[in-house]
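This note is meant for a colleague who is meeting the structure for the first time. Please read the numbered points with the sequence and the model at hand.

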Amino acid sequence: MPVPHPESRPILFIAGTRPEAVKLAPLVLDLQARGVATRLVATGQHPDMFGAALAGFGLKADIDLGLTAPTPDALVGRLVPALADVIRRALPAWVVVQGDTSSTLAGALAARYAGAALAHVEAGLRTGCDDPHPEEMHRRLVAQMATLHLAPTAAAASALLAEGVRGGVHVTGNSGIDALLLMAARLRRDAALADAAVTPFGHVPRGRPWVLATIHRRENRGRRLAGVLAALAELSADAEILIPVHPSPAVAGPVRAMLGGRAHVHLLPPLPYAGFVALMLRCALVLTDSGGVQEEAPALGLPCLVLRDGTERPEGLASGNARLVGTERAAIVAAVRGLLGDARLHAAMAVPALPYGDGRAAAAINDLLLRPTAASSAQRSGSWSGSGGHRRSARGGGR
Ligand SMILES: CC(=O)N[C@@H]1[C@@H](OP(=O)(O)OP(=O)(O)OC[C@H]2O[C@@H](n3ccc(=O)[nH]c3=O)[C@H](O)[C@@H]2O)O[C@H](CO)[C@@H](O)[C@@H]1O
């Protein structure tokens, strides 16, 4: 069978978790609006949350491998041959992976084994240490395999250049901000969607401030999770605490055991993306170990206290929207009380800013994917894209 011309081949996306769905949806929508063929392959890693996040954008996977496994190594081992088979049949112009999950690593390995050109969205995030594990390892490995590196910020691009990666490195902004702005606009103009979005927390009283908390990172399990939960229990004296509980048993078990049934603590199911955005818009601050929430909060002017000792997202710290508070009970309680009790401090952290992108990352990334013969030339190029790849936001996004 003759091999189709590169420009008539589909762009194939591989993803498996909720944040990958959120951050890749804007790319798929933009390509579809341009009439470009896309294939979206779901690995099965987060079966329910992935589909729900995609559905929030009116999207559905074209192929669902439905593969799950109890550990990242087992999942990667199962996914690589299955994904390589899909890629060999689809003959895509590009395989696109996002971020740092097991699905990301497996997709990258499969693309390279199948001989396909590989693009990495949200490339170059680094803590410089082993944590978070396995994410830091995943993203470093993917950087060695990709030939098109879509860095959300200048710092991420610098990290890639310092590692001597092959191919083009481009600063595009983070497509998660595109998703957030798309959803915030939909909530403003679609009253039925906005009403449905708030249903899961419609019962929470409005008299006291609302504090949102999300926690799921592997390295925060055990003793560290217990510190966070003890802080949230104490803070229920000051605020309504809203927690969309991550379904992982290592998280949901301790959360329910320590906080279930406590007055002023509201344990919610994982929210559809529209609901989560609507909730962020109503809260006084967020406590989180999520990467995506660290990016979204500054754009919404939501003060963000990061439940980690370090972060691969220093831009939100520099813009004054986020602070690292770790996972010790006393430090978290002091930080939240300090913010809730000091209107000037709160206002300073609540100035909306766009350090992670201005909502035009998907278009910038797709322009790069669709450059004539980009897939083949990217294999040979070793250059920094310079200003051609830069996007800047009104408040310094993309830098
Ligand atoms: C080490 C690290 O930081 N790795 C990250 C990790 O992702 P994460 O930490 O951001 O993951 P989560 O917190 O699960 O998802 C967040 C998204 O989910 C939305 N949300 C949340 C609660 C809810 O009830 N309903 C929702 O809709 C929320 O608004 C946001 O958009 O892997 C990604 C993929 O590779 C990487 O990009 C990313 O670096």
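1. Overall dimensions. A compact globule of 399 residues would have a radius of gyration near 21 Å, and the protein chain agrees with this at 21 Å. The radius is taken over C-alpha atoms, and the globule rule is 2.2 Å times the number of residues to the power 0.38. Along its principal axes, the C-alpha trace spans about 70 × 45 × 40 Å.

2. Basis of the note. The model is predicted: local features need pLDDT of at least 70, side-chain atom pairs count only at pLDDT 80 or more, and totals for chains, interfaces and linings use all residues. Residues are numbered from 1 along each chain as its sequence is written.

3. Content and packing. The protein chain holds 17 helices and 13 strands; these are DSSP runs numbered from the N terminus, with helices (H or I) of at least four residues and strands (E) of at least two. Of the 399 residues, 54% are buried. A residue is buried if 20 or more other C-beta atoms lie within 10 Å of its own, exposed if 12 or fewer, and partly exposed in between, with C-beta atoms placed from the backbone. Among contacts with a separation of 6 or more, 70% join residues 24 or more positions apart; a contact requires C-beta atoms, placed from the backbone, to lie within 7 Å.

4. Domains. The chain is divided into domain 1 (6-174 + 357-389) and domain 2 (204-349), with bounds from an automatic or database domain assignment. Their C-alpha centres lie 29 Å apart. Domain 1 gives 16 residues to the contact and domain 2 gives 14. On the side of domain 1 that touches domain 2, α1 (18-33) and α2 (47-55) are the elements that give two or more residues, and the largest share, 3 residues, comes from α2. By class, that side has 9 nonpolar, 5 polar and 2 charged residues. Here Ala, Val, Leu, Ile, Met, Phe, Trp, Tyr, Cys and Pro count as nonpolar, Asp, Glu, Lys and Arg as charged, and the others, Gly among them, as polar.

5. Ligand shell. Where does the ligand lie relative to the two domains? Both domain 1 and domain 2 give residues to the shell around the ligand, so it lies between them. Of the 29 residues around the ligand, Gly-99, Pro-244, Ser-290, Gly-291 and Gly-292 come nearest; a residue is near if its C-beta atom, placed from the backbone, lies within 6 Å. At least two residues each are supplied by α1, α11 (273-280) and α12 (291-300), and the largest share, 5 residues, comes from α1. The shell divides into 11 nonpolar, 11 polar and 7 charged residues.

6. Backbone details to inspect. Cis peptide bonds join Asp-131 to Pro-132, with omega about -5°, and His-133 to Pro-134, with omega about 10°. Pro-132 is found in the loop between β5 (118-121) and α5 (135-145), and Pro-134 is also in the loop between β5 and α5. Leu-91, although not a glycine, has a positive phi of about 45°; its place is in the loop between α3 (72-90) and β4 (94-98). His-264, not a glycine either, has a positive phi of about 70° and is found in the loop between α10 (249-259) and β10 (265-268).

Conventions: Contact = placed C-beta atoms within 7 Å.
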